[in-house]
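Morning, everyone. Please have a look at the structure on the screen.

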Amino acid sequence: RRVLHGRFVRVEPLEAERHCDDLHAAFSADPEHLRWEYRFQSGFATRADLLAYLVSIETSTAAYYGVYVDLTTGKAAGLGSLMSIDQLHGSIEIGAIMLAPSLSRTAAGTEALILQIRWAFSLGYRRVEWTCDPHNAASMRAAQRLGFSFELTQRQRYATKGRNRDKACFAICDGAEWAAVDAQQRAWLEPTNFDDAGQQRQALSTLTAPLLRCVAAAEPSAHSNANGQPSGAPLRQRRWSEDEDEVRWCAGWVTPPRPVRKTLSGEYVSCVPLTLEHAKPLGLAFNTMLDSPYALWDHLSDGPFPTRESFNEWLGRQSVSTDPLWFALEVRGEECDARGLAAFRCVDEAHGTIEVGPLIFGFGLARSRAATEAVFLLLNWAFKHGYRRVVWQADAHHAASCNAAERHGF
């Protein structure tokens, strides 16, 4: 928590009580709360409502919130955070940004974001992300104007305000990429780039456009909210009726259950909740004592394991984990020996999204119909219980996993 100083703006650590009056006055210039449409919050009618929100995020350890103080007025007129902090892999996101009308489309508003991006890289992060609703044209333009390159759109990532919301993802990476973006941001902020009236001579978007690896425009939508702003489709959900033993489409949204430690049975394989009793057959299937199977773990965060003891220790931890929730894959007709592992992870029941993986197939399971059925059993459970989105992630260099994802319909 530190103060970031710029030419036009100062970014201060959020102090809810001290900043509330300024922010409430600034946000009140948008009485219909149109600027909050693409946020999970819906705006705050009263000072008390805003204060309650600010208090809830003030001491957050999951995100660092900074308040943007316009040096021209000395008043706070916006806030944003560094969030989605992944220290292990050096990734962080700048997000939850809200600029009052007085700060929007100003040098101060832009500099506030630049200061936070610069600070993230100065801390040693390798990647700074920007995500937004792809229908939010202003945010899509702002990301690219600042030098963020478009990467992908995650479909049906959120269920919010009664509607589906996709997620557009942008990023700047360290090294030569950030050095080039940083140079153009600094060039834009030079006093010589502004005339006596404070108007820019050269647009930041002109300076950063040649650096973008990929660009994207806001997605058109056949749906809009009550204020006429483009938005996602109204939510509907596949729900399974135990009484009728069938799945139906229903309007609205009901949070699905978290996956549980329950066996999923198929014709060729069973996904059985992992226990330490699976250590021996899995050890044999993975053959962890030899050098040759180490390639099995090359594209995974865990492993390889040089001894059976180290493998058993790892397996013991996974057997009591709830996210990821691990299953041993027992092949039928093989004395029900466990030949592999699969898991549900990154469970976000609030928005109906879940990931399948890691998938680790040992000897006798890889490239078999039993392995394929194991994936289908996990997919069937997720969609049957109301999840809207199932994710498969892989190292982009892992051709086998990328091909398998497409083969299974991802």
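This is a predicted model: local features need pLDDT of at least 70, side-chain atom pairs count only at pLDDT 80 or more; totals for chains, interfaces and linings use all residues.

I'll go through a helix pair, then the cavities, then some backbone details.

Let's start with the helices. Find helix H3, residues 107-122, and helix H5, residues 176-189. Their axes come within 11 Å. They cross at roughly 150°. Angles over 145 degrees count as roughly antiparallel, and H3 and H5 are therefore roughly antiparallel to each other. The crossing of H3 past H5 is left-handed.

Which residues in H3 meet H5? From H3 we have Ala107, Thr110, Glu111, Ile114, Ile117, Arg118 and Phe121. On the H5 side, they meet Trp178, Asp182, Gln185, Arg186, Trp188 and Leu189. Sort the residues of this contact by type, and you get 7 nonpolar, 4 charged and 2 polar.

Now, the empty space. How do we look for it? Rolling a probe the size of a water molecule over the atoms shows where empty space is left. How many cavities of 30 Å³ or more does the structure hold? There are 3.

Take the largest cavity. Its space is about 120 Å³. Among the residues lining the largest cavity are Glu37, Tyr38, Arg39, Asp133, Lys161 and Asn164. Two strands each supply at least two lining residues: S8, at 163-173, and S10, at 230-231. S8 gives the largest share, with 3 residues. By type, the lining of the largest cavity has 6 charged, 4 polar and 2 nonpolar residues.

Next, the second largest cavity. Here the space is about 50 Å³. His24, Phe27, Ser28, His33, Trp36, Gly43, Phe44 and Leu50 line the second largest cavity. That lining divides into 4 nonpolar and 4 polar residues, with no charged ones.

On to the backbone. Where are the cis peptide bonds I want to show you? One joins Asp323 and Pro324, with omega about 10°. Pro324 sits in the loop between helix H8, 308-319, and strand S15, 325-331. Another cis bond runs from Gly357 to Pro358, and its omega is near 0°. Pro358 belongs to strand S17, residues 353-361.

Last item: phi angles. Ala96 is not a glycine, yet its phi is positive, about 50°. Look for Ala96 in strand S5, residues 91-99. Cys346 is not a glycine either, and has a positive phi of about 50°. Cys346 is in strand S16, residues 338-348.

Definitions and conventions
Residues are numbered from 1 along each chain as its sequence is written. Side-chain values use heavy atoms; hydrogens and water are left out. Axes are lines fitted to C-alpha atoms, for helices over the stretch in contact, and angles run from 0 to 180 degrees between N-to-C directions. Helices (H or I, at least four residues) and strands (E, at least two) are DSSP runs, numbered from the N terminus. Angles under 35 degrees count as roughly parallel, over 145 as roughly antiparallel, 65 to 115 as roughly perpendicular and the rest as oblique. A crossing is left-handed if the near helix is turned anticlockwise from the far one by less than a right angle, and right-handed if clockwise. Contact means heavy atoms within 4.5 Å. Ala, Val, Leu, Ile, Met, Phe, Trp, Tyr, Cys and Pro count as nonpolar, Asp, Glu, Lys and Arg as charged, and the others, Gly among them, as polar. On a 1 Å grid over the protein atoms alone, a cavity is a set of points where a 1.4 Å probe fits but cannot get out, and a pocket is an open set with protein on both sides within 12 Å along at least five of seven lines; lining residues have an atom within 4 Å of a point. Grid points are joined across faces, edges and corners, and a volume is the space filled by probe spheres set on the points.
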